[in-house]
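Subject: Handing over a structure, with notes

Dear colleague,

Please look at the sequence and the model before going through the notes.

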Amino acid sequence: MMDKAGTEGNIFRNFYRDFLRESYEIVNCAEIKKGHDFFSAIANQWHEVISLIEEASKTVEERFLVRAGNICKSIGEQETKAMKILSSI
C-alpha cells in the first residue's frame, strides 16, 4: 500500500522528486537541484523500507523491521537537510 497508493511513503516522495526536477528545469536553481537529488535518494530508500516491511510480514523476523526503522531515521534526517536547502531559496 505504501508503494502503490496513499499519500505517505514512496508515492509522495516520487511525486515531490518529479516536481523538483520539473521546477529545476524551469528556473535552473542549484538549491532545487540539490533538493531533487535528496528526494531521488529518499524515494529509493522508501522503496527499500517497503521491501523490508514486506519481508518482515512474510518471515515474522524482527531484523527486517529494525533495518526498516533505521532507514526511516536516516530518511528523516535527509528530508530535514533537503527542506533546509529548499527553504533557503
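Glu79 lies in helix H3, and helices here (H or I, at least four residues), like strands (E, at least two), are DSSP runs numbered from the N terminus. With a relative accessible area of 17%, Glu79 is buried, where buried means under 20% relative accessible area, exposed over 50% and partly exposed in between (1.4 Å probe, protein chains only). The C-alpha atoms of Glu79 and Gly35 are separated by 8.9 Å, although these residues stand 44 residues apart along the chain.

Before going further, please keep in mind that this is a predicted model, in which local features need pLDDT of at least 70 and side-chain atom pairs count only at pLDDT 80 or more, while totals for chains, interfaces and linings use all residues. Residues are numbered from 1 along each chain as its sequence is written, and side-chain values use heavy atoms, with hydrogens and water left out.

As for the chain as a whole, there are three helices and zero strands, and the pattern read along the sequence is α-α-α. Of the 89 residues in the chain, 30% are buried. Among contacts with a separation of 6 or more, 59% are between residues 24 or more positions apart.

Helix H1 covers residues 10-27, and its 18 residues reach 25 Å from the first C-alpha to the last, close to the 26 Å expected, the expected span being 1.5 Å times one less than the number of residues. Which residues of H1 are buried? They are Asn10, Arg13, Tyr16, Arg17, Leu20 and Ser23. These lie on the same side of H1 because they cover an arc of only 150° around the axis, the arc being that of the directions from the helix axis to the C-beta atoms. The buried residues of H1 pack against helix H2 (30-59) and helix H3 (62-87), whereas the face turned away from the buried side carries the exposed residues Phe15, Glu25 and Ile26. Just after H1, Asn28 takes a positive phi of about 55°.

The largest nonpolar core has 16 residues, and those with the most contacts inside it are Leu20, Phe39, Val49 and Ile75; such a core is a set of buried Ala, Val, Leu, Ile, Met, Phe, Trp, Tyr and Cys residues joined through side-chain atoms within 4.5 Å. H1, H2 and H3 each supply at least two residues of this core, and the largest share, seven residues, comes from H2. Phe39 also touches several residues beyond four places away in sequence, among them Arg13, Tyr16, Leu20 and Met83.

Gln78 is another residue of helix H3, and at 14% relative accessibility it counts as buried. Leaving aside neighbours within four places in sequence, Gln78 is in contact with Phe38, Ala41, Ile42 and Gln45.

Finally, a word on the cysteines: the structure holds zero disulfides, a disulfide being a pair of cysteine sulfur atoms within 2.5 Å. Cys29 is buried, with a relative accessible area of 15%, while Cys72, at 32% relative accessibility, counts as partly exposed.

With best wishes

Note on methods. Contact = heavy atoms within 4.5 Å.
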